[in-house]
Amino acid sequence: MESALIVSSSEKGTAFFADILTAAQVNKITVLKTCSEARRALLDRDFDLVIVNAMLKDESGESFSRQVAGDGLAQVILVVKNQYFDEVSAICENDGVLTISKPVNKTVLWSALTLAKSAQSRLKRVQAENVQLKQKIEDIKIIDRAKYMLISYLDMNEQDAHRYIEKQAMDMRTSRRAIAERILKTYES
């Protein structure tokens, strides 16, 4: 993890979390005191980790934590008073928020950071796969449109259009999508 946002109205809590994050080699740490400030900051940039030290001046932090966890790739750790832990944890767990109770010790926070790093790595891999799959779907759509053009304008059948695109891609040492785009440019103009 490279960047973290600490949302805490407590100076003592902020210092504790910052020390642990520094030890975990988190390079960029931003500290804010309210959820409204944090929401504005999240509009401008992304964070790998968000630690919310509840209760805050403007809200409890639970709703904010759930929103952040649902909106992006940031891992969220919500720290709540022990008396509220069971209730808040039950509400937040389906949204992927890691909830820990106060008083927090270094071992528990370190474990939560380890879990958050692991979850973020997995989420990034899934996101990368998702991007690749979307790209493949887009390639297939473009290639299919190019085949349709070849079928329509050159009276080829689907197999011949497919073979034509593949052969052109091999002969020109380029992708099938690049050949399909050239075909579309020729016939859609």
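**Exercise 1. Decide whether T99 is buried or exposed, and place T99 in the fold.**

Step 1. T99 has 13% relative accessibility, so T99 counts as buried. Buried means under 20% relative accessible area, exposed over 50%, and partly exposed in between (1.4 Å probe, protein chains only).

Step 2. The model is predicted: local features need pLDDT of at least 70, side-chain atom pairs count only at pLDDT 80 or more, and totals for chains, interfaces and linings use all residues. Residues are numbered from 1 along each chain as its sequence is written, and side-chain values use heavy atoms, leaving out hydrogens and water.

Step 3. Strand β5, residues 97-102, holds T99. Helices (H or I, at least four residues) and strands (E, at least two) are DSSP runs, numbered from the N terminus.

Step 4. Leave out residues up to four places away in sequence; T99 then touches L78, V80, F85, V88, S89 and C92. Contact means heavy atoms within 4.5 Å.

**Exercise 2. Find how many aromatic pairs the whole structure has, and classify them.**

Step 1. The search finds 2 aromatic pairs. Rings of Phe, Tyr and Trp (its six-membered ring) pair if their centres lie within 6.5 Å; planes under 30 degrees apart are stacked, over 60 edge-to-face, the rest tilted.

Step 2. Take F16 and F17. Their ring centres are 5.6 Å apart and their planes meet at 65°, so this pair is edge-to-face. F16 is partly exposed at 23%. F17 is buried at 3%.

Step 3. Take Y153 and Y187. Their centres lie 5.0 Å apart, with 15° between the planes: stacked. Y153 sits in helix α5 (residues 106-154) and Y187 in helix α7 (residues 176-188), 34 residues apart. Y187 is partly exposed at 25%.
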